[in-house]
Amino acid sequence: MGEWSMLSEMLDKVQLHSTVLGKVWMSVLFIFRIFILAAGVDQIWGDEQANMDCNTNSPGCKNACYDASFPISHTRFWVLQILIVSTPTLIYLGHVLLVIRQENKLRRRLELKCDRNGLIKSPKYSDEHGKVRLKGSLLVSYMMQLLVKVLLEVAFIVGQYFIYDFIFMPDSITFQGGSCQTPTNCFISRPTEKSVFIVFMLAMAVLSVILNIVEMLYLMISKIGARKRRRSALLLNQ
């Protein structure tokens, strides 16, 4: 888990500036994806190519069969997926930290000062404790990172099927070409266990998509409701 500690610390900071559903997404990412990937998958996959048995001793045939069947190993594919899908959230964190820094400077410089209209200026996105409010450019930034995460997750779900051309790990693969002059059967170790993990990681990716879509709908509905309440209050005060 040591190699994930830096990503973990950075995404931990995002939780302070996320909605409840955003925090649930973090839990899904860490507990059900990163932890499982770091703790169990490597032991099951191991050296896939070395553990593959082929019914021929032709030099280079096993390498050619493995390379054709697995352009990228499932474990590396999932690591790449987690890193890329987390990137929009990290960009949003950078935006939040920039806003907090700018507004902290504003507090120090304009404390007890007035603008030309005689009104006291105050930061509109964050409070003194560094807690941000999702509105304006921050809301747009947050919604954009949710949308990009949905698109990336869907791209990886579809991409996984097109790369491997299967969901359940097959018991064996038949290959001919390159160093394999005749049709060769190569047998994969632990196909059932690997199928369980493949389905599990796909399910977590689908859950991630659902959580992000629900969070987008929640934010849109809550902001529309808040706007209607403000309009109603203005009409009552008139």
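## Salt bridges

In this predicted model, Arg33 counts as buried because its relative accessible area is 2%, under the limit of 20%. The partner of Arg33 is Glu153, and the closest N and O atoms of this salt bridge are 2.8 Å apart. The pair connects distant parts of the chain, with Glu153 in helix α6 and Arg33 in helix α2, 120 residues apart. Glu153 is also buried, its relative accessible area being 0%.

How many salt bridges does a search of the whole structure find? The search finds two. Arg190 is partly exposed, with a relative accessible area of 44%. Glu193 likewise counts as partly exposed, at 39% relative accessibility.

## Overall organisation

The protein has seven helices and three strands. Followed along the sequence, these elements give the pattern α-α-α-β-α-α-α-β-β-α. Of the 238 residues in the protein, 39% are buried.

How many cavities of 30 Å³ or more are counted? The count comes to two. The largest cavity has a volume of about 50 Å³. Twelve residues line this cavity, and those nearest its centre are Ser18, Gly22, Tyr142, Gln145 and Lys149. Helices α2 (20–45), α6 and α7 (191–237) each contribute at least two residues to the lining of the largest cavity. Helix α6 gives the most, with four residues. By class, this lining consists of five nonpolar, five polar and two charged residues.

The second largest cavity holds about 40 Å³ of space. Its lining is formed by Glu48, Met52, Tyr66, Phe70, Ile188, Ser189 and Lys194. Sorted by class, the residues lining the second largest cavity are four nonpolar, one polar and two charged.

## A nonpolar patch on the surface

Which residues form a nonpolar patch on the surface? The patch is made up of Val154, Val158, Tyr161, Phe162, Ile167, Phe168 and Val199. Together these residues have about 680 Å² of accessible area. Helix α6, which covers residues 136–164, provides the largest share of the patch, namely four residues.

Val154 is located in helix α6. Is Val154 buried, exposed or partly exposed? Val154 counts as partly exposed because its relative accessibility is 39%, and partly exposed covers values between under 20% for buried and over 50% for exposed.

## Helix α6 across the report

Key: Residues are numbered from 1 along each chain as its sequence is written. This is a predicted model: local features need pLDDT of at least 70, side-chain atom pairs count only at pLDDT 80 or more; totals for chains, interfaces and linings use all residues. Side-chain values use heavy atoms; hydrogens and water are left out. Patches are made of residues with over 30% relative accessible area and no salt bridge: like charges are joined within 9 Å, nonpolar side chains (Val, Leu, Ile, Met, Phe, Trp, Tyr) within 5 Å. Accessible areas come from the Shrake-Rupley method with a 1.4 Å probe; for residues, only the protein chains shown count as cover. A salt bridge is a side-chain nitrogen of Lys or Arg within 4 Å of a carboxyl oxygen of Asp or Glu. Buried means under 20% relative accessible area, exposed over 50%, partly exposed in between (1.4 Å probe, protein chains only). On a 1 Å grid over the protein atoms alone, a cavity is a set of points where a 1.4 Å probe fits but cannot get out, and a pocket is an open set with protein on both sides within 12 Å along at least five of seven lines; lining residues have an atom within 4 Å of a point. Grid points are joined across faces, edges and corners, and a volume is the space filled by probe spheres set on the points. Ala, Val, Leu, Ile, Met, Phe, Trp, Tyr, Cys and Pro count as nonpolar, Asp, Glu, Lys and Arg as charged, and the others, Gly among them, as polar.
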